[in-house]
Structures are given as structure tokens and as C-alpha cells.
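Me: I would like to learn how to read a protein structure feature by feature. May we work through one example together?

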Amino acid sequence: MFTPVRRRMRTAALAAVAALAFGTTATAGAAAAPAPAPAPAPAKQGPTSVAYVEVNNNSILNVGKYTLADGGNAFDIAVIFAANINYDTGTKAAYLSFNENVQRVLDNAATEIRPLQQKGIKVVLSVLGNHQGAGFANFPTEQAASAFAKQLSDTVAEYGLDGIDFDDEYAEYGANGTGQPNDSSFVHLVTALRANMPDKIISLYNIGPAASRLSYGGVDVSSAFDYAWNPYYGTWQVPGMALPKSKLSPAAVEIGRTSQSTAADFARRTVSEGYGVYLTYNLDGADRSADVSAFTRELYGSDAEYTP
């Protein structure tokens, strides 16, 4: 039996506790910087593979270092982990913030993000709570939720990203006099974000108060998500969302910690049970081709090759 790992390392949240001191808040109304059209990649049949990277410790470029025997990408989506939702006690408003490591990746998009996109790999920014009371589930009004959605979509446009990932952990709802989760907040946020970026990825790390508040006032935002995945590494758990199997990842694997046999078993189940996504976390700078091959063999019929 596997013990659920409720979270990858807390480094992204903890490193950003002093985001106000860094002064690295997101800016609104940024000029668009569309991502370049990806180069043609060999056709790849099988589930979408996702790799979260802790950019406090590792390079997002690691995602592009793994290829299949035919030259196709082992991974389809790279997730920058993580930006933060912070709280300004003066204005009593949530704002998007980047610690210095996330900011570095974004500022160097030409060398950190574009090379992946040019290979056909989508690059998504994950957003995480930061112990300040602000979260996706406690915007007090629709206007407040829409204002934060604009910060998110402006960031996607400014840095040429492919989408946003929501991870409702570490918000510490109630801190700094903030409200507790309410039923309307996340629905308003996702609705506004989807309206702002109809063709970009919106994904859900299926955990926290926001994940259980997807319907309000006759509006269900489940269909606004492109993907949702199991948040407990080393386990198989189907996200409880009204999405087709093609958009769900019951598998959750921490590369280097989840055993290769378990990763392979989850990959076999993903294919045999008709799910369309396979989630991995913590891809570091070491040669993890044995770990990656354990699931690519089952997903795509090919080992993964690592190129430093």
C-alpha cells in the first residue's frame, strides 16, 4: 500500500514567503508575446504526459531532454512550479507573485521556455497559495476574482506561456483577516480566466477547497478545464470531476521516488482503462531515463533517451 504524499516539496511556497521583499509581483496589461509555432514533431500516439519541475532547484529545460526512439518528445507539457497567490494587506486584495527563481525563468523565456515550445512541448505556469490568506476559493466578489484572472491571463500573454495550472494548497484561508472559502469564488475565477484565454490550457491539481467548489448559481466550470490530475504521488486516484477520461490523470508519479514498477503499472492502467493523461513530478537534472522509460514503454511502446 502506498502512502499518499500530500505534496511535493514546499520549497516553492516557502521560498516565496518574502515575495513582497523581492518586489516580484506580476504586472497587468502586459504586451503580448505569443509563443512561436512549434516545429513539426514526430506523431505520438498515447496519453498526454506532464512533468512538474521545481524551478527553485531544477531547470525547466530538463523536460525537453527526453525523447522516444522515433525522436518524439517523452513529455508533452512542462509545468513551472510555482508562482504564488499573495495578499496585500494594504489594499486587501490578492495578487500574483513570482519568487526570484520563477521570475528568472519568465524573464529568460527566450532561452528557458521557447526551446521547449519549439519542440512542441507546452509550458504552463502553476499557481500556489503562500500562507497569506489569499486563495482561489475566497475572493469576496466576482470583480475581485475577475481582477486576479486578468493578472493570470496577462502573464500568459506577456511571457508567451501556454496556460495556467491551479494548485489550491498553502493558502491558509483566514490569515491576515481574509475570508474562508466560499462557493462562488473559484467559479467566478475560472469563468473569467477561460473568457480571457479561450485557447490556452487551464489545468487543476485536484486538491484543496477550490477543487470541491466547481459549481455555483447554475454554472459548473468543470468543462472549462483542459486537464485535472491526482495530487497524491505514488497512488492511483481518479479525479472527481465531470471531465472525460481523456482529460484525467488518475496516475501520479514522483520521478526518482515512485518505484519504476509502480510507474509502469500506472502507465499500463492509464492505457487499458482509457485515460488520456499521465502526471509526473520532480524531474531533476540527473539522467532519469530508466525512471521515464518505465512508463514511456507502457504509454508509447518506446524507451526514453536522455540527452544532456
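This is a predicted model: local features need pLDDT of at least 70, side-chain atom pairs count only at pLDDT 80 or more; totals for chains, interfaces and linings use all residues.

Me: How should I read a nonpolar core, and which residues have the most contacts inside the largest one?

Reply: The general idea is a set of buried nonpolar residues joined through side-chain atoms within 4.5 Å. In this structure the largest such core has 77 residues, and Ile 80, Phe 166 and Phe 225 have the most contacts inside it. Apart from this core lies another, of 19 residues, including Tyr 52, Phe 81, Ala 82 and Ile 201.

Me: What does Ile 80 touch, not counting residues up to four places away in sequence?

Reply: Its partners include several valines, namely Val 53, Val 55, Val 102, Val 105, Val 123 and Val 124. Ile 80 also touches Ile 60, Ile 113, Leu 106, Leu 125, Leu 161 and Ser 126.

Me: How is a pocket described, and what is the volume of the largest pocket?

Reply: The largest pocket has a volume of about 230 Å³. Its lining is made of 17 residues, and Tyr 87, Lys 92, Ala 93, Ala 94 and Pro 140 lie nearest its centre. Two elements, β4 (93-97) and α6 (142-159), each give two or more residues to this lining. The largest share, four residues, comes from α6. By class, the lining of the largest pocket has nine nonpolar, seven polar and one charged residues.

Me: How do I judge the span of a helix, and what is the span of α7?

Reply: One compares the distance between the end C-alpha atoms with the span expected at 1.5 Å a residue. Helix α7, residues 185-196, reaches 17 Å, close to the expected 16 Å.

Me: Why is α7 described as largely enclosed by the rest of the structure?

Reply: Burial is judged residue by residue. Nine of the 12 residues of α7 are buried, so this helix is largely enclosed by the rest of the structure. Among them are Phe 186, His 188 and Arg 194. The buried residues of α7 pack against α6, β6 (163-167), β7 (201-205), α8 (208-211), β8 (215-216) and β9 (219-220).

Me: What covers the buried residues of α10?

Reply: α10 is mostly covered, with nine of its 12 residues buried. The covering elements include β1 (48-54), β2 (66-68), α9 (260-272), β14 (277-281) and β15 (304-306). After α10 comes Gly 301, whose phi is positive, near 70°.

Me: Is Asp 291 buried or exposed?

Reply: A residue counts as buried under 20% relative accessible area. Asp 291 has 14%, so this residue is buried. Asp 291 is found in helix α10. Leaving aside neighbours within four places in sequence, Asp 291 is in contact with Ile 255, Gly 256 and Gln 260. Asp 291 and Ala 264 are 27 residues apart in sequence, and their C-alpha atoms are 9.1 Å apart in space.

Definitions and conventions
Residues are numbered from 1 along each chain as its sequence is written. Side-chain values use heavy atoms; hydrogens and water are left out. Buried means under 20% relative accessible area, exposed over 50%, partly exposed in between (1.4 Å probe, protein chains only). Contact means heavy atoms within 4.5 Å. On a 1 Å grid over the protein atoms alone, a cavity is a set of points where a 1.4 Å probe fits but cannot get out, and a pocket is an open set with protein on both sides within 12 Å along at least five of seven lines; lining residues have an atom within 4 Å of a point. Grid points are joined across faces, edges and corners, and a volume is the space filled by probe spheres set on the points. Ala, Val, Leu, Ile, Met, Phe, Trp, Tyr, Cys and Pro count as nonpolar, Asp, Glu, Lys and Arg as charged, and the others, Gly among them, as polar. The expected span of a helix is 1.5 Å times one less than its number of residues.
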